[in-house]
Amino acid sequence: MQNSAGSPALSPQAVARQGGMAQLFKNRSLRGAVGLLSFFAIWQLLTSIGVIDAFLLPSPVAVAGAMWDMAVDGSLWIHLGASLRRVAIGFLLACIVGIALGLVSGWWRGVADFLRPVIEALRPIPPLAWIPITILWFGLGDSASYFLVFLGAVFPTYVATYTAVRGLDRNQMNAALCLGAKPWQLIWDVLVPASLPIVLPGMRIALGIGWMCVVTAELIAAQTGLGYLIQQSRMLFQINNVVAGMVTIGLVGFAMSAVLEMIERRVNAWAPSERS
Amino acid sequence: MMQTIIASDTPSTAVPVQIDIRHVGKVFGGKGGDSAVIALDDVNLTIRKGEFISLLGPSGCGKSTLLGIVAGFQGVSSGKIEQNGRPILRPEPSRTVVFQDYALFGWMTVQQNVEFGLKAKGMAKRERAAIARELIALVRLSGFEDKYPHQISGGMKQRAAIARALAPDPDILLMDEPFGALDAQTRVLLQEEIARISSEAGKTVLFVTHGIDEAVFLADRVVVMSPRPGRVRQEVNVPLPRPRTAEMRSDPWFVQTVNELWETLKPEWQKGEEE
């Protein structure tokens with residue numbers, strides 16, 4: 001495994017291994033694309049030959065047509081933009097609160113003893129159950145969506161941060177202290193990078209849940225957004241637009257988590273969890 | 001023959017005292033309760049500038065606790081501990097530590113790890129890069145500056161950790177069983193390396209170990225501790241010249257001293273195994 005010659009140049013084996021890795025990655029993306037395409041192909045086939053009634057589930061081609069029309073007239077982008085803005089704001093609030101609470105309860109045992117039972121009791125309540133009280137508090141505006149996204153995303157962020165801080169290596173902290181680390185250096189050069197392998201995946205999961213929550217909120221308590229699009233299309237019997245909205249939600253969610261995973265792999269390249 | 005002496009009779013009184021440990025006691029757990037464990041009991045030790053001290057003893061004798069107290073990671077329950085006449089209150093870059101598990105920062109390259117203590121001092125980028133490169137050369141890791149800890153072997157990690165600990169130019173280097181996690185061959189090689197590095201860098205060293213031959217091979221003075229409660233039971237001066245080299249392991253005095261220490265420590269080691 002080591003480059004025993006001590007030269008910085010890569011050995012032939014290492015080059016071969018890298019080539020192999022790249023090939024594998026290509027193959028894996030390829031396999032992913034093949035999986036997705038087959039899914040749509042089978043769906044298309046089942047609707048074309050009439051196994052599935054087009055009234056109950058339109059074909060992918062019809063859905064793509066509906067998406068195209070909405071993209072051209074601009075309504076898709078307006079709804080998508082509204083949903084993205086809401087999830088961004090709610091998620092940001094969840095990160096601020098979740099990370100802050102996770103930090104203090106991970107650092108001070110006493111705080112955790114008070115805080116954790118409260119959080120563990122609030123956590124199992126699904127965001128859907130919060131909707132009546134959310135409407136009571138915030139009405140039918142953007143604030144209701146922010147709040148529901150916040151509720152969905154804050155718990156995984158908190159748990160991840162708490163776990164990361166509790167798992168910090170005592171010796172690494174001591175090493176930093178005896179080397180004379182200033183508080184800012186302790187935070188930015190030790191605490192933050194040491195926590196990221198646990199905090200970033202937690203944030204990715206939180207964003208996924210937030211994305212589901214925003215759609216839920218928009219089904220009931222909004223006048224724009226992908227959830228609203230689905231709900232309104234249902235009332236107008238535009239089944240193609242309903243499924244087009246669903247497909248958009250799925251694809252955007254997939255893209256978000258793929259981008260975050262790529263960032264994780266870069267930032268946490270050193271961590272055992274990212275090496276296979 | 002083995003010399004057993006008391007700390008205050010240490011020769012070369014002209015050399016200034018660097019670390020002064022007086023009647024230090026350390027109790028873990030509830031005060032006076034049944035759960036209280038006496039980790040250290042009335043420990044006295046004087047470390048002079050430039051000395052290499054091995055703290056030798058079986059597990060549970062409090063040697064790592066004593067090192068943690070010297071580092072400033074934990075306080076004393078009784079007694080006092082001073083560095084150059086001032087009480088030790090917290091960790092400081094004048095006393096850096098090398099840990100058994102290396103405790104390198106996994107997200108930094110070897111170079112960045114070594115620069116950490118220099119960055120803390122507020123040193124300019126170019127200057128600290130140059131100093132770090134010199135230290136990496138001193139521990140013979142040149143060419144591995146840009147590797148991450150997970151890309152190098154255990155022995156190389158410990159070399160990097162030693163360079164990192166030397167970077168702030170400490171008065172004393174505290175080593176907590178630094179070779180405990182390494183295989184036997186790497187351990188022997190690194191013992192010779194640390195013998196060379198410590199005399200080249202001219203540092204005071206406090207070296208915690210449970211290896212008798214390692215303790216005697218490296219030290220000017222071996223401080224033997226006994227467990228439950230942790231106490232200093234004897235001190236052995238090592239007259240072997242510096243720098244220490246591999247052939248000194250077959251020196252008659254070395255062989256005899258290691259055997260005698262083994263004979264005296266055997267009952268305690270056996271006691272530790274039974275518990």
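Me: Which helix of chain A does A:V97 lie in?

Reply: A:V97 is part of helix 3 of chain A, residues 75-107. Keep in mind that this is a predicted model.

Me: Is A:V97 buried or partly exposed?

Reply: Partly exposed, because its relative accessibility is 32%.

Me: What sort of surface patch is A:V97 in, and with which residues?

Reply: A nonpolar one, formed by A:L92, A:I96, A:V97 and A:L101. Together they have about 330 Å² of accessible area.

Me: OK, helix 3 and helix 4 of chain A: at what angle do they pack?

Reply: About 130°, and their axes are 6 Å apart. Helix 4 covers residues 109-122. That angle makes helix 3 of chain A oblique to helix 4 of chain A.

Me: Which residues meet there?

Reply: From helix 3 of chain A you have A:L101, A:V104, A:S105 and A:W107. On the helix 4 side they meet A:R109, A:V111, A:A112, A:L115 and A:I119. A:L101 also belongs to the nonpolar surface patch.

Me: Switching to charges. How many salt bridges does the structure hold over all chains?

Reply: 22.

Me: What does A:R86 pair with?

Reply: A:D142, with side chains meeting at 2.9 Å, N to O. The pair links distant parts of the chain, since A:R86 is in helix 3 of chain A and A:D142 in helix 6 (residues 142-166), 56 residues apart.

Me: Buried or partly exposed, those two?

Reply: One of each. A:R86 is buried, because its relative accessible area is 2% and the cut-off is under 20%. A:D142 is partly exposed at 27% relative accessibility.

Me: Over to chain B. Which residue does B:D41 form a salt bridge with?

Reply: B:R231, at 2.6 Å, N to O. B:D41 sits in strand 2 (residues 37-48) of chain B and B:R231 in strand 10 (residues 231-237) of chain B, so the bridge ties together parts 190 residues apart in sequence.

Me: How accessible are B:D41 and B:R231?

Reply: Both count as partly exposed: B:D41 has 25% relative accessibility, and B:R231 has a relative accessible area of 40%.

Me: What about B:K63, what's its partner?

Reply: B:E177, with the closest N and O atoms 3.7 Å apart. B:K63 is in helix 1 (residues 63-71) of chain B, while B:E177 is in the loop between strand 7 (172-176) and helix 5 (184-201) of chain B, so this bridge ties together parts 114 residues apart in sequence.

Me: And are they buried or exposed?

Reply: Buried: B:K63 is at 4% relative accessibility and B:E177 at 13%.

Me: Which residues do salt bridges with shared partners join into one network?

Reply: B:R140, B:R159, B:E193, B:R196 and B:E200.

Me: Last topic, helix 2 of chain B. Why is it called largely enclosed?

Reply: Because nine of the eleven residues of helix 2 (residues 110-120) of chain B are buried. Among them are B:V110, B:F116 and B:L118, and also B:E115.

Me: What do those buried residues pack against?

Reply: Elements of both chains. In chain A that's helix 7 (170-178) and helix 8 (183-221), and in chain B it's helix 3 (125-138) and helix 4 (154-166).

Me: Which residue with positive phi follows helix 2 of chain B?

Reply: B:G122, with phi near 85°.

Key. Residues are numbered from 1 along each chain as its sequence is written. Chains are lettered from A and ligands numbered from 1 in the order in which they are written. This is a predicted model: local features need pLDDT of at least 70, side-chain atom pairs count only at pLDDT 80 or more; totals for chains, interfaces and linings use all residues. Side-chain values use heavy atoms; hydrogens and water are left out. Patches are made of residues with over 30% relative accessible area and no salt bridge: like charges are joined within 9 Å, nonpolar side chains (Val, Leu, Ile, Met, Phe, Trp, Tyr) within 5 Å. Accessible areas come from the Shrake-Rupley method with a 1.4 Å probe; for residues, only the protein chains shown count as cover. A salt bridge is a side-chain nitrogen of Lys or Arg within 4 Å of a carboxyl oxygen of Asp or Glu. Helices (H or I, at least four residues) and strands (E, at least two) are DSSP runs, numbered from the N terminus. Buried means under 20% relative accessible area, exposed over 50%, partly exposed in between (1.4 Å probe, protein chains only). Axes are lines fitted to C-alpha atoms, for helices over the stretch in contact, and angles run from 0 to 180 degrees between N-to-C directions. Angles under 35 degrees count as roughly parallel, over 145 as roughly antiparallel, 65 to 115 as roughly perpendicular and the rest as oblique. Contact means heavy atoms within 4.5 Å.
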